Amino acid sequence: MVTKVQIRSQFDLLNDLTNLFIDDLQSCGYKKAEYYQLPDIESRDEKIIPQSITVKKVTGDEAHKAILNSFTDIYKKPELSSRVLKRHPGLLVVDNADQKQLVARIQQLNKAKAAFKECILAIDNNDARFEAVHNAIPNLITLAAYRKVHFEMNSPFSVRFTWMHKHATKTLTKKMALAMLEKSAGYSNPRMIDQHSWQSLVAQEQLRVASLGDKDKLRIRRPTRVSPQVNVRYTAQNRYHVSAALPFILVNPDPDVKLGTLPDYQKPESHPRKREYDFLVDRLYLEQVDK
């Protein structure tokens, strides 16, 4: 059983390493600092999916300060949502840094973050997990504490920012899908339609699922909130992308690396991902998985 002492011990290590990492960044010279400030999301608005997001670009010393502060933004703030986490996209290009020391520090910090996450997830029950964490570390947002610090110590061709539409994926059996639909049939006044119409709609969905074979596989691919990401490119074939939930650190790069900025987000009029899939139950983004 995971104890309060274990949770606090793992967190204290993570916290100490975060502070040492910030000290290391402060001691480095920086060639470029850009922070892309996103709007705060209040608790009352956390279920609203934005059609657009305005990005406020901050540069220089102000950006450098915001970047350093972002690594300790792991606690719930009054009135702000703790479900939709504050993201801190940014870019810090450090030069004249002790590359070996800085990279070792980041790797050490990320290892501590992974160990802290493993400690918390060892508590099986969600309610017990929440109680244990907030008893040990009041107001902590665990998902924010888990966030990995991404960096690049080589010189890529480019580092650019974009917005990614992600999907939350869950695989389930026919039996599980029917149980889910049975539960939703009992909801009261969902989607602001009368109960009879709602139950008729769910009954049609149940028929479609019931017509499948017992061994057929199903999957829910529900779109989630759009999120900023960093795209790092060496060549057309050698490239990768990572989350921009925290600022990206570029260590001692060549001067000709091409650097981009995060643009404002505007939801596209069409939804190609949704058209691409033939949903069995459109309302739940439930699809049959090809064998």
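A nonpolar core is a set of buried Ala, Val, Leu, Ile, Met, Phe, Trp, Tyr and Cys residues joined through side-chain atoms within 4.5 Å. In this predicted model, the largest such core comprises 25 residues, and the members touching the most others are Phe-21, Leu-25, Phe-71, Val-94, Leu-102, Val-149 and Ile-249.

Beyond its neighbours within four places in sequence, Leu-102 contacts Phe-21, Asp-24, Leu-25, Cys-28, Val-94, Ala-97 and Val-251.

Gly-29 belongs to strand E1. Its relative accessibility is 31%, so Gly-29 counts as partly exposed. When residues up to four places away in sequence are not counted, Gly-29 touches Val-94 and Asp-95. A separation of 17 Å lies between the C-alpha atoms of Gly-29 and Ile-106, which are 77 residues apart along the chain.

Helix H7, residues 195-210, contains 16 residues; from first C-alpha to last it reaches 22 Å, close to the 22 Å expected at 1.5 Å a residue. Its buried residues include Trp-198, Val-202, Glu-205, Gln-206 and Val-209. These cover an arc of only 105 degrees around the axis and therefore lie on the same side of H7. The face turned away from that buried side carries the exposed residues His-196 and Leu-207. Among the elements covering the buried residues of H7 are helix H6 (174-185), strand E8 (217-223) and strand E14 (286-288).

Methods: Residues are numbered from 1 along each chain as its sequence is written. This is a predicted model: local features need pLDDT of at least 70, side-chain atom pairs count only at pLDDT 80 or more; totals for chains, interfaces and linings use all residues. Side-chain values use heavy atoms; hydrogens and water are left out. Buried means under 20% relative accessible area, exposed over 50%, partly exposed in between (1.4 Å probe, protein chains only). Contact means heavy atoms within 4.5 Å. Helices (H or I, at least four residues) and strands (E, at least two) are DSSP runs, numbered from the N terminus. The expected span of a helix is 1.5 Å times one less than its number of residues. The arc is that of the directions from the helix axis to the C-beta atoms.
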